[in-house]
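Good morning, and thank you for coming. Please look at the sequence and the structure while I speak.

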Amino acid sequence: MKKLIIFGAGDLARLVSFYIEELNETKIIAYSVDDKYYTSETYLGKPLIPYSRIKRYAGTLNTPPLLVTIGYADMKARETIFKRIKNDGFTTTNFIGSKLAKTCKLGTNNIILPNVQIEPFTEIGDNNIFWNGSHVCHDASINSHNFFAANSLIGGNVIIKNGCFIAFNSTVIQNVTVEDDTLLGAGAVLTESNKKNRKYLGCPAKEVGKNTRGIKL
Ligand SMILES: CC(C)(COP(=O)(O)OP(=O)(O)OC[C@H]1O[C@@H](n2cnc3c(N)ncnc32)[C@H](O)[C@@H]1OP(=O)(O)O)[C@@H](O)C(=O)NCCC(=O)NCCS
């Protein structure tokens, strides 16, 4: 059975652990958090290890891959922590809870919960989260560090750049490019390519200001 270490001990770590254990294909051997968040010796019945203690094993032969499970509440932290862990030399792995089209190209540290649809000829970078019911249509290209909430819909040939938050029931229609750090609010429908680091609401979506990354969503 494959093994992994989960980085994080919050809501997303708990939820992903539930699905990993349900699928029963991978064994979670431990959890790790940055030292300032280390408050207990165990998490969900497994060892919880301060990051400074596992860091020395990065890149060694028997060290299992990490899955970084930092949630959407601080989008900047998700990106920064993932990059740091890679720079430290750890390998990371995906959690794939849905059946993906064979032609889908997938990077690493993506979390794809059950009932996600990723159509053929799509490309997905690193460190994205796809919540239940999200749907990515054919030939879309998703870069890295994005979050797709439940029932979000990404049209065919769409390009999603990096660090975007695509909220509940929102839609990006086909052939649109979504620039870095976009926040598309719940129920919004983005009908044209946009400017980076902005917040959009409504149908058709209108820009309503800057996207302050790290905002509590
Ligand atoms: C966009 C969002 C972050 C709110 O942004 P905000 O700037 O903090 O907005 P506020 O809550 O201050 O509301 C500002 C105004 O926009 C309206 N508004 C908020 N969200 C809206 C939305 N999604 N669509 C339309 N109008 C919205 C509010 O009603 C308010 O209107 P008012 O000024 O007439 O009273 C939030 O609505 C949203 O979509 N959150 C994402 C939820 C989600 O998908 N979570 C996933 C968790 S798994």
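The span of residues 3–84 has its end C-alpha atoms 21 Å apart, and the span is 33% helix and 28% strand. Helices here are DSSP runs of H or I with at least four residues, strands are runs of E with at least two, and both are numbered from the N terminus. The UniProt record, an unreviewed entry, places the feature "domain: PglD N-terminal" at residues 3–84. UniProt positions follow the numbering used here, feature names are shortened, and annotations may be inferred rather than shown by experiment.

Two remarks on the source are needed. This is a predicted model, in which local features need pLDDT of at least 70 and side-chain atom pairs count only at pLDDT 80 or more, while totals for chains, interfaces and linings use all residues. Residues are numbered from 1 along each chain as its sequence is written, and side-chain values use heavy atoms, with hydrogens and water left out.

I turn now to the strands. In what order do the 5 strands of the open sheet lie? The order is β9-β12-β15-β18-β21, with parallel pairing; two strands pair if DSSP finds at least two bridges between them. At the edges are β9 (117–118) and β21 (189–190), each of which pairs on one side only. Within the sheet, strand β12 (residues 135–136) runs parallel to strand β15 (residues 153–154), and 2 bridges join them. V136, for instance, has I154 in β15 as its bridge partner.

Next come the salt bridges. The term requires a side-chain nitrogen of Lys or Arg within 4 Å of a carboxyl oxygen of Asp or Glu. By this rule there are 8 salt bridges.

One of them joins the side chains of D34 and R84, at 2.5 Å from N to O. This pair links distant parts of the chain, 50 residues apart: D34 lies in the loop between β2 (26–33) and β3 (42–43), and R84 lies in helix α3 (residues 75–87). Is D34 buried or exposed? D34 is buried, at a relative accessible area of 16%, whereas R84 is partly exposed at 27%. Buried means under 20% relative accessible area, exposed means over 50%, and partly exposed lies in between, with a 1.4 Å probe and protein chains only.

A second salt bridge connects E79 with K83, whose closest N and O atoms are 2.7 Å apart. Both residues lie in helix α3, 4 residues apart, about one turn of the helix. E79 is buried at 11%, and K83 is partly exposed at 41%.

Finally, E207 forms a salt bridge with R198, at 3.0 Å between the closest N and O atoms. Salt bridges with shared partners join K195, R198 and E207 into one network.
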